[in-house]
Amino acid sequence: FFFGPMVAPVPVRDLPLDIASCVSAFVSAADLAAWALTAKSVLRSVPSWPLPTASDAAVALLAPHFGPSFRAFAPVHCRRLTDAGVQQLVVCAPGLQVFSAAGCHGVTDTSLQSLTCGCPLLQDLCLNGCENITDAGLRAAAWHCQGLRALGLAGCHHTSAAAVAPVLSACPRLRELALSRVGSVGDALLGHIAAHCPELIGLDISHCSQVTDAGLGHVLAGCPGLRRVTAEGCVGVTDRVYAQLAVGAGPRVRGLRLSGGLGLAGHGVLRVVQTGPGPEERHGASWDEHFAECIRPSNGVPCGGLTHVCMAMCSTLTDSGLAAVVQHCPGLQSLDVSHCKALTNAALYAVANSCRELKTFSAEGCVCFADEGVKALARGCPSLAHVNLRRCKRVTADALEAVVLHCPLIQTLNVSRCRAVSVEGLSRVTAACPLLKLETSDK
């Protein structure tokens with residue numbers, strides 16, 4: 001083939017909108033201003049403008065050209081964006097519906113008040129990592145955010161449950177909520193969520209140490225549309241959360257992330273199935289009725305709706321506990337048990353026997369897994385596409401060849417720091433599946 005001379009550089013002002021928006025992170029404010037002057041008519045018709053490196057200067061140059069149809073603004077980790085830029089944006093785009101400023105430390109309570117007061121159509125508000133948002137800002141905004149559908153406050157260390165509660169009371173249509181690492185979030189706030197946010201479908205309460213099984217139970221019972229729960233590092237969450245899933249929430253919850261939970265051994269499901277609820281868990285006849293309804297064959301089994309489960313770093317998770325979980329999650333598509341060092345090949349046998357639809361499996365650091373278990377996993381889960389066996393020091397190339405042989409859809413296989421895997425073995429695996437992305441070393 002003949003390649004002609006390189007194409008001459010094109011000024012950003014001459015680029016189409018979709019291309020210019022992609023390269024805006026790499027051009028100067030002056031170039032953006034020049035482009036804006038030549039694209040006024042285009043800017044007035046666009047619904048959003050992604051500025052990965054937005055600054056007050058860039059907003060001041062571009063915002064005056066936004067038309068009434070402008071709806072979304074989503075900078076990320078922009079240290080040069082402050083309250084002044086946000087206020088300019090609100091003045092020029094009062095119809096804003098989506099504002100996402102994750103990690104923008106210059107965004108403070110002033111910006112929050114401007115957005116909630118000046119943008120009555122605001123639906124999605126993401127302030128994750130905005131460390132200068134405080135309780136005072138949340139309380140002031142609570143009266144003006146009735147239309148919010150998504151709220152992200154993860155990592156806002158200067159906020160507390162006491163200030164979050166009034167906001168939730170004013171947002172009955174909230175569907176997504178992120179409160180990871182927000183101070184004093186516990187069972188009381190989860191009860192408040194259950195009472196005031198019936199449409200919630202996604203909840204992140206990771207690293208909220210005051211959350212327990214009782215609080216999660218309130219949310220599971222009060223939010224009938226809940227689909228995803230992330231409770232990583234919640235040390236107060238134990239196996240009883242599986243019992244809550246078994247009492248009616250299982251068929252609808254699809255994603256459950258509980259990595260780092262010190263009280264999770266997986267025996268909760270097994271105990272519920274074998275013996276039913278203990279005396280301390282009974283809440284009248286309704287508990288037994290719900291439980292019987294869940295295990296009835298026509299409706300599936302407890303937790304049967306779960307498709308994604310993460311139990312990474314749950315140091316107390318055992319083979320029998322994991323077996324109890326996967327046995328009642330036949331539709332599981334993604335499973336992460338990384339760094340669960342008590343697991344052995346018996347856990348892999350259980351997964352292979354129960355999860356034929358499994359597509360993604362991660363077992364990084366599971367030092368007791370060996371060839372026979374991995375081979376059984378490959379035979380029992382033919383739909384596997386992504387497998388992570390990093391630091392599984394007893395796994396050899398024989399197991400990897402079995403994965404390639406029995407899993408025709410395999411795309412990625414991570415065997416970094418698997419000391420027992422030889423170079424010759426890796427060559428055989430590569431030859432058997434040339435399109436496989438084989439990760440063999442840390443980057």
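Colleague: Hello! To start inside the fold, is Phe73 buried or exposed, and which is Phe99?
Modeller: Welcome! Please keep in mind that this is a predicted model. A residue counts as buried when its relative accessible area is under 20%. Phe73 falls in that class, and the class of Phe99 is likewise buried.

Colleague: How many aromatic pairs does a search of the whole structure find?
Modeller: Phe73 and Phe99 are partners in a stacked aromatic pair, with ring centres 5.9 Å apart. When the whole structure is searched, the number of aromatic pairs found is one.

Colleague: What is the angle between the planes of Phe73 and Phe99?
Modeller: A pair of aromatic rings is described by the distance of the centres and the angle of the planes. Planes under 30 degrees apart count as stacked. Phe73 and Phe99 are stacked, and the angle between their planes is 20°.

Colleague: How many residues apart in sequence are the parts that Phe73 and Phe99 tie together?
Modeller: Phe73 belongs to strand β2 (residues 72–73), while Phe99 belongs to strand β3 (residues 98–100). The pair therefore ties together parts whose separation in sequence is 26 residues.

Colleague: Let's turn to charges. How many salt bridges does the structure hold?
Modeller: Side chains of opposite charge can pair when their charged atoms come close. For the structure, the number of salt bridges is six.

Colleague: What is the N to O distance in the salt bridge of Arg390 and Glu364?
Modeller: These two side chains meet in a salt bridge, and the N to O distance is 2.5 Å.
The loop between β13 and α17 holds Arg390 and the loop between β12 (360–362) and α16 (371–380) holds Glu364, so parts 26 residues apart in sequence are tied together. Arg390 is buried at 14% and Glu364 is buried at 17%. To come back to your question, the distance is 2.5 Å.

Colleague: Which residues do salt bridges that share partners join into one network?
Modeller: Glu401 and Arg428 meet in a salt bridge of 3.1 Å, N to O. This pair links distant parts of the chain, 27 residues apart, with Glu401 in helix α17 and Arg428 in helix α18 (residues 423–432). Glu401 is partly exposed at 28%, and so is Arg428 at 38%. Through shared partners, the network joins Asp398, Glu401 and Arg428.

Colleague: Which residues gather in a patch of positive charge on the surface?
Modeller: Patches are made of residues with over 30% relative accessible area and no salt bridge. Arg391 has 33% and therefore counts as partly exposed. This residue is one member of the positive patch, whose members are Lys341, Arg391, Lys393, Arg394 and Arg419.

Colleague: What is the phi of Arg391 near?
Modeller: Arg391 is placed in the loop between β13 (386–388) and α17 (397–406). Arg391 is a residue other than glycine, yet its phi is positive, near 65°.

Colleague: Where does His339 lie?
Modeller: His339 is not a glycine, but has a positive phi of about 65°. At 29% relative accessibility, His339 counts as partly exposed. Its place is the loop between β11 (334–336) and α15 (345–354).

Colleague: How far apart in space are Leu203 and Glu176, C-alpha to C-alpha?
Modeller: Leu203 is part of strand β7 and is buried, with a relative accessible area of 3%. Leu203 and Glu176 are 27 residues apart in sequence, and their C-alpha to C-alpha distance is 6.2 Å.

Colleague: And how far apart in space are Leu438 and Leu426, C-alpha to C-alpha?
Modeller: Leu438 is in strand β15 (residues 437–439) and counts as partly exposed at 21% relative accessibility. Leu438 and Leu426 are twelve residues apart in sequence, and from C-alpha to C-alpha the distance is 8.6 Å.

Technical notes:
Residues are numbered from 1 along each chain as its sequence is written. This is a predicted model: local features need pLDDT of at least 70, side-chain atom pairs count only at pLDDT 80 or more; totals for chains, interfaces and linings use all residues. Side-chain values use heavy atoms; hydrogens and water are left out. Patches are made of residues with over 30% relative accessible area and no salt bridge: like charges are joined within 9 Å, nonpolar side chains (Val, Leu, Ile, Met, Phe, Trp, Tyr) within 5 Å. Accessible areas come from the Shrake-Rupley method with a 1.4 Å probe; for residues, only the protein chains shown count as cover. A salt bridge is a side-chain nitrogen of Lys or Arg within 4 Å of a carboxyl oxygen of Asp or Glu. Lys and Arg count as positive and Asp and Glu as negative; His and the chain ends are not counted. The place of a charge is taken as NZ of Lys, CZ of Arg, CG of Asp or CD of Glu. Helices (H or I, at least four residues) and strands (E, at least two) are DSSP runs, numbered from the N terminus. Buried means under 20% relative accessible area, exposed over 50%, partly exposed in between (1.4 Å probe, protein chains only). Rings of Phe, Tyr and Trp (its six-membered ring) pair if their centres lie within 6.5 Å; planes under 30 degrees apart count as stacked, over 60 as edge-to-face and the rest as tilted.
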